Amino acid sequence: MDVPAKGNILGRMVPARYVLAILGSIGMAIVYGLKVNLSVAMVGMLNHTAIEASVHDVQDDDNFTAPAEDMQCDATGNSTSAKEADGPFLWSSEIQGIVLSCYFWGYFVSQIPGGRIAELFSAKWVMFFSVTINVVCTLLTPVMAEAHYVAVVIMRVGEGIGGGVTFPAMHVLLSKWAPPAERSVMAALVYAGTSLGTVISMLMAGVLTATLGWESVFYVMGGLSCAWCVLWVWLVQDSPQSQPLISVEEREMIVTSLGGKANDHEHKQKLAVPWKAVFTSGPFLAILVAHACSNWGWYMLLIELPFYMKQVLKFNMTENAVTTALPFLSLWFFSIGLSRGLDWLRSRGVITTTTARKIGTLFASLVPAACLLGLAFVRCERAAAVALTALGVTAIGGMFCGFLSNHIDIAPNFAGTLMAITNTVATIPGIVVPIFVGILTHGNQTISAWRIIFFVTIALYVVEIVVYTIFGSGEEQSWNKVPEVDEKSEGKPLKNEESV
């Protein structure tokens, strides 16, 4: 039943769809912030002196000698080693890789169930669950770390379970709330929250670790995130029809722009997923490939960038936090500006939705690939390395109005499930990247080791560019259509042989 919008002060002041988008962006920022804070805090949690001593012992036993070009850098670009205050934990590079990557174990398994639950029941409450479990596990992390690294692994898996349902849940909400003419902007606003959360988290984690100790990172950031849970329950609903804090005009505009589809979802049938059509769809498979390849680069920069700055370029704690965080702030501005520009061009018929999605995706792949190629050869030129990193991370923001919005274009009825599928596959890089980097840099934290990592990432970006440019599409697919209703069966949809 539609909820009347009587005496609605908030709805007259701020469009309800943008209340949803802003809170959704903050929610994404919280989830991503609580995910990456460990990457920064771990720099202060580890006893680097003892770990390096044990590595040197192994190298001495193996008569290891590093080539001259593999030397590390100091603040002026010379070969040296950097000394900072040590933390309490003697975690090897392999254990560090497990602790960082285990987040994605939970992330991997929760997405498809979370997407279907969001589509069939309530995306609002799925998103609420996501943030809440992340907050709880974050607050418990210091205690668990003192107990054993396995306990931290359990907390990270819990955070991953919650984090895995964020994109599917928000895709379902956007499919019901975002008018097609504003889809790029609203999607970019919501999902760019991931970069905003990364900026705030990295800066806060660096400062808190250096001033109040690594434990404060989890207590302060987890505690501050609790306020969002209250606002989300109060101000957000699953659809315009169920939102009391909305003007009648806005509600009618959204429903009309969606062709009445949101109303159909709310009052008629729950649609079965046409699995065969999905997995034989060229446009969907193009999104899948682009998402997986892009995420390799995204997670490499998101998770491993602080360690590259620390191990190779020898940034101290404060420098590390600033140089790794600020590019994600520029990413946020770039993604919003690019999405608005592409929506403006689409609204005037200059470009199609397909072209807009491919432009966004090309920015998010070609530019980072070029920057990583440069980064592989600048050696200890810290200014050049920082500039290339900033440019590459900034350009990744094109994915929010590129392939990451594309699920809603091709199949708005199944946007949550499609996002869950592609994000599940795209989670594999999140599991592999920390372990891959840990193995390559174990006892070999050098420029040449990182060069191999950069080349692998560049190759995957090339695959993304080729596949998505050829097969990507912004047009609604025929298998998204709502099936005809059998009136004799009390409004139940006729079965499609491809649906389950």
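Predicted model: local features only at pLDDT ≥ 70, side-chain atom pairs only at ≥ 80, totals over all residues.

Let us take helix 5, residues 103-147, and helix 11, residues 226-235: their axes come within 10 Å and cross at roughly 170°. Angles over 145 degrees count as roughly antiparallel, and helix 5 and helix 11 are therefore roughly antiparallel to each other. Their crossing is left-handed. On the side of helix 5, the residues in contact include Trp125, Phe128 and Val131, while helix 11 contributes, among others, Trp228 and Trp232. By class, the residues of this contact are ten nonpolar, one polar and one charged.

How do helix 8 and helix 9 cross? The axes of helix 8, residues 183-191, and helix 9, residues 193-211, come within 4 Å, at an angle of roughly 25°. These two helices are therefore roughly parallel. Here Leu189, Val190 and Tyr191 of helix 8 meet Gly193, Thr194 and Ser195 of helix 9. This contact has three nonpolar, three polar and no charged residues.

I turn now to the cavities. Thr194 is one of the residues lining the largest cavity, as are His291, Asn295 and Trp298. Helix 15, residues 282-311, gives the largest share of that lining, with three residues. The second largest cavity has a volume of about 40 Å³. Its lining comprises seven nonpolar, two polar and no charged residues.

Technical notes. Residues numbered from 1 in each chain as written. Heavy atoms only, no water. Axes fitted to C-alpha atoms, helices over the stretch in contact; angles between N-to-C directions. Parallel < 35°, antiparallel > 145°, perpendicular 65-115°, else oblique. Left-handed = near helix turned anticlockwise from the far one by under 90°. Contact = heavy atoms within 4.5 Å. Nonpolar A, V, L, I, M, F, W, Y, C, P; charged D, E, K, R; others polar. 1 Å grid on protein atoms, 1.4 Å probe; cavity = no way out; pocket = protein on both sides within 12 Å on 5 of 7 lines; lining within 4 Å. Points joined across faces, edges and corners; volume = space filled by probe spheres on them.
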